[in-house]
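Student: Could you walk me through reading the side-chain packing of a model? I'd like the general idea and then the actual case.

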Amino acid sequence: MSREPELFDNLPSRRRAAVRTGVLPCQAIDNLIRTGEVLCDEGRLDLKSQVQPASLDLRLGPIGYRIRASFLPGPNTTVTSKLDELQHNAFSLVDGAVLETNCVYLVPLMESLRLRQAISAIANPKSSTGRLDVFTRLITDNGESFDYVPAGYEGPLYLEISPRTFSILVHQGSRLSQLRFLRRTPRQPREQRFISDASLQALHGRTRLVDLDATFRDGLNLRVDLTRKSKSPVIGYKAKRYAGVIDVDKVGGYDHRKYWDIIDDTDGGRLVLDPQEFYILASKEAVLVPEQYAAEMAPFDPMMGEYRVHYAGFFDPGFGIINGKPAGARAVLEVRSLDIPFILEDAQIIGRLLYERLAAPPARLYGSGIGSNYQGQGLKLSKHFR
């Protein structure tokens with residue numbers, strides 16, 4: 001007997017007609033937990049704090065492994081059996097452990113899955129993780145790609161972690177990544193997640209997605225803001241190398257001046273990205289994600305330049321809706337130039353925001369009394385810095 005109706009049983013009856021394929025909202029994630037499709041190996045899941053408007057926070061388990069290199073297990077192979085083939089060093093996270101820069105770690109997560117055939121999932125680092133330049137990727141048993149959980153998957157979840165600039169202190173229960181669940185029909189290809197440019201333009205006509213002129217090319221284009229504001233000349237931050245360790249669970253505990261160089265507008269709206277350095281910049285546009293949509297930043301586009309524009313890409317429904325009004329919020333850009341110096345000019349297109357529909361209206365929105373750290377943001381470092 002199908003369990004599908006249980007996903008939306010707690011929607012008002014007048015709104016169940018809106019149920020369709022797409023990203024599962026928070027109340028459907030709650031039901032995945034209640035029906036045992038999301039399980040926890042250690043203790044219980046915290047529905048109130050872990051379930052976001054359209055995603056689930058994942059927690060590190062009690063044991064981690066330092067490994068020589070990243071890997072994918074491939075078909076008919078478990079992560080554990082693959083790990084046994086590699087040289088690895090086990091360590092405990094119960095009392096905390098430091099993960100050092102330029103090393104690769106694998107940590108089994110506290111959550112595991114037993115999904116029905118219509119549900120798959122996509123993973124991404126949390127915003128605070130990306131803003132620390134910590135690279136994470138989800139791995140599953142039999143996995144042939146990172147950050148993807150196939151429909152009907154049953155088994156454990158693992159997180160690959162590689163700090164790039166700052167060494168980090170993590171603990172059992174630390175939350176570095178999140179999972180977005182997708183409801184699909186058998187005839188829908190995995191690639192058909194995001195709405196078309198024509199649909200985006202129509203949506204923008206009904207509900208403005210940005211406060212400035214909008215352009216669309218394989219998503220909503222975002223431009224970088226490199227001009228000083230009246231109150232501050234700061235246009236960005238560049239991460240300092242060889243700074244101290246950052247406890248990922250410590251909010252507001254660090255002086256940003258010890259970890260970041262401030263970038264002022266001293267070159268008339270121009271910034272040269274140094275190879276393999278990490279920058280925090282902001283979009284010129286204030287962005288909005290309407291109630292029945294979720295969004296994701298495209299990580300890399302060679303047509304725009306040789307740089308990566310984000311690590312953490314999920315934007316929840318309600319992002320930019322403040323006190324019930326569509327005020328908008330800047331998209332913070334986590335930028336790393338790759339092999340060569342690259343010049344950014346003010347208002348240059350730097351990224352693409354992709355929108356997808358929710359399967360049903362969410363019971364709560366981003367920033368609406370749920371402790372969201374980045375609602376209404378401008379240029380902003382992660383929550384760890386004062």
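This is a predicted model: local features need pLDDT of at least 70, side-chain atom pairs count only at pLDDT 80 or more; totals for chains, interfaces and linings use all residues.

Student: Where do Phe166 and Trp260 sit in the chain?

Tutor: Phe166 is in the loop between strand S12 (154–163) and strand S13 (168–170), and Trp260 is in strand S18 (residues 260–264), so to speak a link between distant parts of the chain, 94 residues apart. Helices (H or I, at least four residues) and strands (E, at least two) are DSSP runs, numbered from the N terminus.

Student: Are Phe166 and Trp260 buried or exposed?

Tutor: Both are buried. Buried means under 20% relative accessible area, exposed over 50%, and partly exposed in between (1.4 Å probe, protein chains only). Phe166 and Trp260 also belong to one aromatic cluster with Tyr237, Tyr254, Tyr259, Phe278 and Phe385.

Student: Which charged ends sit over rings?

Tutor: The test is NZ of Lys or CZ of Arg within 6 Å of the ring centre and within 35 degrees of the ring normal. Arg180 has its charged end over the ring of Phe314, 4.1 Å from the centre. Lys250 does likewise over Tyr254, at 5.4 Å from the ring centre.

Student: What about the largest nonpolar core?

Tutor: In soluble globular proteins, nonpolar side chains tend to be buried together. A nonpolar core is a set of buried Ala, Val, Leu, Ile, Met, Phe, Trp, Tyr and Cys residues joined through side-chain atoms within 4.5 Å. The largest one has 57 residues, and Leu24, Ile161, Leu179, Phe181 and Trp260 have the most contacts inside it. A second, separate core of 35 residues includes Val210, Leu222, Val309 and Phe315.

Student: In what order do the strands of the open five-stranded sheet run?

Tutor: Strands pair if DSSP finds at least two bridges between them. The order is S18-S16-S20-S26-S22, with antiparallel pairing. S18 and strand S22 (307–308) are the edges, each pairing on one side only. Two bridges join S22 to strand S26 (residues 329–337), and Tyr307 has Ser337 as its bridge partner in S26.

Student: Why does Asp133 count as buried?

Tutor: Asp133 counts as buried because its relative accessibility is 0%. Its side chain makes a polar contact with the side chain of Arg336 (2.3 Å). That term means a pair of N or O atoms within 3.5 Å; within protein, one must be able to donate a hydrogen and the other to accept it, and residues adjacent in sequence count only if both atoms are side-chain atoms.

Student: And why is Leu83 called buried?

Tutor: Leu83 is buried because its relative accessible area is 6%. You'll find Leu83 in helix H4 (residues 79–85).

Methods
Residues are numbered from 1 along each chain as its sequence is written. Side-chain values use heavy atoms; hydrogens and water are left out. Rings of Phe, Tyr and Trp (its six-membered ring) pair if their centres lie within 6.5 Å; planes under 30 degrees apart count as stacked, over 60 as edge-to-face and the rest as tilted.
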